[in-house]
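Please read the points below alongside the sequence and the coordinates.

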Amino acid sequence: MKKKQKIYPWLMIVTTGLLCGVVAGVFTQVMGLFLTPLANSIGGGKLGSVSYYYTVLILAMAIGTTLVGKFIHQVNVSLILMGAIIVSAAATWLFSTATNVIAFYLLAAIVGICCGFSGYVVQGVVINNWFVKKKNFAFTAGAFFNTIFLAIITPVSSQIIQANGWRRAFIILAIIMLVIGLPCAFLTKVEPAKIGLLPYGVSSQAELTNSAEGDNAEKSNNSGTSKVIFSLSFVLVLIFFCFNEFAGNITSLWPSFAEAVGFGAGTGGAIATIITVADLILTPLFGITTDRFGGRKALPWWLFLAILAPVLMIVANQARLASLALVAAVPADAISVVMGSGEQVFAKDILGKNFDAGYSYASSLTYVVSAFATPVLSNIADATHNWNIVVGIVAICEVVVLLAVIIGENRASRLTK
């Protein structure tokens, strides 16, 4: 039992991180590799005809996240996760048989709900329950395993598509989901008490009972739904999530920005590559800093980087310095880092025992915003022909997030006194 106690909390980081990658990561990031061949095959050659896949997917994710947040403590999470993996794999296989965009959208709705059932909300709740100490580091470590998985599966999937075609690639991807996802789902437990263990950071049940953090981690949310969603803490979390997620959609548009302002496709591709490499460094660094200094002290500095990046991009555009745009790509990754682990850290800090429900509801509402963020930013660029305005909006959004952090973390520190 002692050995299991030492290993299992860290195993939860690995399993939930891989589950986020093998379902949510595949259907949000890796699916982008399939859109062009799908458009040419079933979309009449028009990318726009299949790109609404993301809108359907994210709206369905909002439904899935709401449901899993309500029932996560009342069901066997391992069975729910295994079901989500099996349904996701079956839907992925059915993608290979799609002959029209209607079927494509219907399948997007199905996998979107599965993403909600096996994605970031489940990861956040599980890690919050399994860790008393090193919790911020654990949140980020889970995101890091997701990043590693996607860094591997994305180029591998690209090669599979080129070698076998998109239809066979979907079948191979379905098999990968089952091989990786089912063992991870089987091992994942929503809280240590389910298997007679304690969270990391406490050595006895008495210590857990006396620990305010442990109490928050082990108890399910007993507050009513209305009490949670109408609290100031929840409103601040929702502001943080919505404005940060809206701004975070700029990540997929940096290559378009580079081309539109005249830096060229090569610079756009280099920006995307730099952001990917930076993520492998900044993600664990985020975990180390938030764990060492706490969200109140660390988050504002990370948000400073998130604000600095679009400012540098605007300066690069005005000064016609493509090299500065490449430099700005490093802090630009801070937007993605804060959008992932930062949301979990902030929500944990100010929601306390209402983390499970509050995080779920906030994530569900945020997905609706995120579903339309990229089209909105793109349409602003088309309407104004001025990417500085688009990038400036991103900077303003991150300033709002910073204000939410300052108010929220100060409020949380007062409540604990």
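What volume does the largest cavity have? In this predicted model, the largest cavity has a volume of about 30 Å³, and a search of the whole structure finds one cavity of 30 Å³ or more.

**Cavity lining**

- The residues lining the largest cavity are F34, S157, I160, I161, A169, I172, L173 and I176, and α8 gives the most to this lining, with seven residues.
- By residue class, the lining of the largest cavity divides into seven nonpolar residues and one polar residue, with no charged residue.

- The structure holds 18 aromatic pairs, one of which joins W10 and Y200 in an edge-to-face arrangement, with 5.0 Å from centre to centre and 70° between the planes.
- Because W10 lies in helix α1 (residues 2–30) and Y200 lies in the loop between α8 (135–187) and α9 (205–210), this pair ties together parts that are 190 residues apart in sequence.
- W10 counts as partly exposed at 29% relative accessibility, and Y200 is partly exposed as well, with a relative accessible area of 30%.
- The ring centres of F257 and F263 are 6.5 Å apart and their planes stand at 75°, so this pair is edge-to-face; F257 and F263 are both buried.

**Charge over a ring**

- The charged end of K189 sits over the ring of F186, at 5.5 Å from the centre of that ring.

Conventions
Residues numbered from 1 in each chain as written. Predicted model: local features only at pLDDT ≥ 70, side-chain atom pairs only at ≥ 80, totals over all residues. Heavy atoms only, no water. Phe/Tyr/Trp six-rings, centres within 6.5 Å; stacked < 30°, edge-to-face > 60°. Helix = DSSP H or I, 4+ residues; strand = E, 2+ residues; numbered from the N terminus. Buried < 20%, exposed > 50% of the residue type's maximum accessible area, 1.4 Å probe, protein only. Lys NZ or Arg CZ within 6 Å of the ring centre and 35° of its normal. 1 Å grid on protein atoms, 1.4 Å probe; cavity = no way out; pocket = protein on both sides within 12 Å on 5 of 7 lines; lining within 4 Å. Points joined across faces, edges and corners; volume = space filled by probe spheres on them. Nonpolar A, V, L, I, M, F, W, Y, C, P; charged D, E, K, R; others polar.
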